[in-house]
Amino acid sequence: MSSVVVVTGSAGLIGSESVRHFAGLGMDVVGVDNDMRGYFFGKDGSTKWNLDRLRKEVGERYTHHDVDIRDRDGLLNLFAALGKEVGLVIHCAAQPSHDWAAREPFTDFDVNATGTLNMLEAVRRHCPTAPFIFTSTNKVYGDLPNSLPLIEQETRWELPEDHQWYGGIDETMSIDQCLHSVFGASKVAADVMVQEYGRYFDMPTAVFRGGTLTGPGHSAAELHGFLAYVMRCVMEQRQYHIYGYKGKQVRDAIHSSDLVSAFEAFYRAPRVAEVYNMGGGRYSNCSVLEAFQLASEITGLEARTDYVEDNRIGDHQWWISGLSRFQAHYPQWKLTYDVPAILREMYEANQDVWKA
Ligand SMILES: NC(=O)c1ccc[n+]([C@@H]2O[C@H](COP(=O)([O-])OP(=O)(O)OC[C@H]3O[C@@H](n4cnc5c(N)ncnc54)[C@H](O)[C@@H]3O)[C@@H](O)[C@H]2O)c1
């Protein structure tokens, strides 16, 4: 079996977890990350701290390349040099925020859509049998989830229990003819292209459409990284702006280690052109209000929030991922973290960093 894993966005939340995990299995990991997150979100968003930590922890098993995934020749050269040594590709580098995408649509599309095409083509030319994992997003469903018949409860919006998607929205929801945001549309382009390289070129590609992905490796920024930013605001006593839906909007949250164990399941038994909704599902979800309640209980600190009437464009009022397709293909995989466990871990991991 080839022993090299290529991870893009390797200093980011999911990329760094992937590096640690696969290096821990004895594989050599080649990381690609140019700290563009610092450009997107300013110094709070930079992932340099995480790269430094990664290098210390993983040591020789990790090789870093400061390549921009928009740099087609840079990627082709890298993959040409690695060749068939590559046994797995995990593509996480992205512009991850829909609010940010509207500021620079060219940059967003060049990174998310064209960058993904650059990766796919480099893999097709140099290591086409390597499983190719792409971190897509539930934003490919645009605002269609907002047409569900939601009921208002005390702290959250909720679906009726007898609704077909009460347990979570599955992959049969349409991604077409709805409002996506510029970010959602660039991710749709990438998502469909990853499927196409699977179907058309018979490559083992998989699209994981994430809900809220989170974990201690998150560089919390206001426009991206929901639970990490909630915890950071409470710990640093910063003001948090809640946008619309009375703060009762529901997200499911999956810990980066649970997501990466799903990647490993796919790596060990790859399939072609798969699409999976992937998040915390019914096991791990909360509303914004519930997240603050939990963060206050964990820290013993009051949350400072204010309310802005208008929701973010295209923001989901309720999203819980339906996991049954993935679970049917990989029955041994299980979620191990729920929202309280995720928040507690963030609190403990960041006590020295996030201080009032
Ligand atoms: N975090 C979430 O809640 C969430 C939810 C759904 C989907 N996703 C998707 O999962 C993937 C990973 O998310 P994450 O939270 O780990 O993101 P992240 O921002 O923490 O990490 C992405 C990394 O990619 C790097 N990067 C960005 N542009 C680059 C470029 N042009 N060239 C090289 N490197 C570049 C950044 O510097 C960063 O370190 C993304 O595709 C994102 O859209 C994330």
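# A guided tour of a predicted model

Begin with the largest nonpolar core, which has 36 residues. Select Phe22, Ile90, Phe208, Phe263, Met278, Phe326 and Trp333, the residues with the most contacts inside this core. A nonpolar core is a set of buried Ala, Val, Leu, Ile, Met, Phe, Trp, Tyr and Cys residues joined through side-chain atoms within 4.5 Å. Buried means under 20% relative accessible area, exposed means over 50%, and partly exposed lies in between, with a 1.4 Å probe and protein chains only.

Next, colour the elements that give two or more residues to this core: strand E1 (4-8), helix H1, helix H3 (48-58), strand E4 (86-91), strand E8, helix H9 (256-268) and strand E12. Helix H9 supplies the largest share, seven residues. Helices (H or I, at least four residues) and strands (E, at least two) are DSSP runs, numbered from the N terminus.

The model is predicted: local features need pLDDT of at least 70, side-chain atom pairs count only at pLDDT 80 or more, and totals for chains, interfaces and linings use all residues. Residues are numbered from 1 along each chain as its sequence is written, and side-chain values use heavy atoms, with hydrogens and water left out.

**Strand E12**

Select residues 274-278. Five of the five residues of strand E12 are buried, so this strand is largely enclosed by the rest of the structure. Glu274, Tyr276 and Met278 point one way, whereas Val275 and Asn277 point the other way. Opposite Met278 of E12, the viewer will show Gly210.

**The ligand**

Which residues come nearest to the ligand? Of the 30 residues around the ligand, they are Asp33, Arg37, Asp68, Lys187 and Gly211. A residue counts as near if one of its heavy atoms lies within 4 Å of the molecule. This shell divides into 13 nonpolar, twelve polar and five charged residues. Here Ala, Val, Leu, Ile, Met, Phe, Trp, Tyr, Cys and Pro count as nonpolar, Asp, Glu, Lys and Arg as charged, and the others, Gly among them, as polar. Helix H1 (13-24), helix H2 (36-41), strand E5 (132-137) and strand E9 (212-214) each supply at least two residues of the shell.

- An N or O atom in the side chain of Arg37 is 2.7 Å from an oxygen atom of the ligand.
- For Leu13, a backbone N or O atom lies 3.0 Å from a ligand oxygen atom.
- For Ile69, a backbone N or O atom lies 3.0 Å from a ligand nitrogen atom.

On its own the ligand has 830 Å² of accessible area, and the protein covers 97% of this area. Accessible areas come from the Shrake-Rupley method with a 1.4 Å probe; for residues, only the protein chains shown count as cover.

**Strands E2 and E3**

Select strand E3 (residues 62-65). Tyr62 and His64 form the covered face of E3, and Thr63 and His65 the uncovered one. Strand E2 (residues 28-32) pairs with E3 in the parallel sense over four bridges, and Val32 has His65 as its bridge partner.

Is Gln249 buried or exposed? Gln249 is buried, with a relative accessible area of 3%. Its place is in the loop between strand E10 (239-243) and strand E11 (250-255). Finally, select Lys56 in helix H3. Lys56 is exposed, with a relative accessible area of 73%.

Terms used:
Pairing = 2+ DSSP bridges. Polar contact = N/O pair within 3.5 Å; in protein donor to acceptor, adjacent residues only side chain to side chain.
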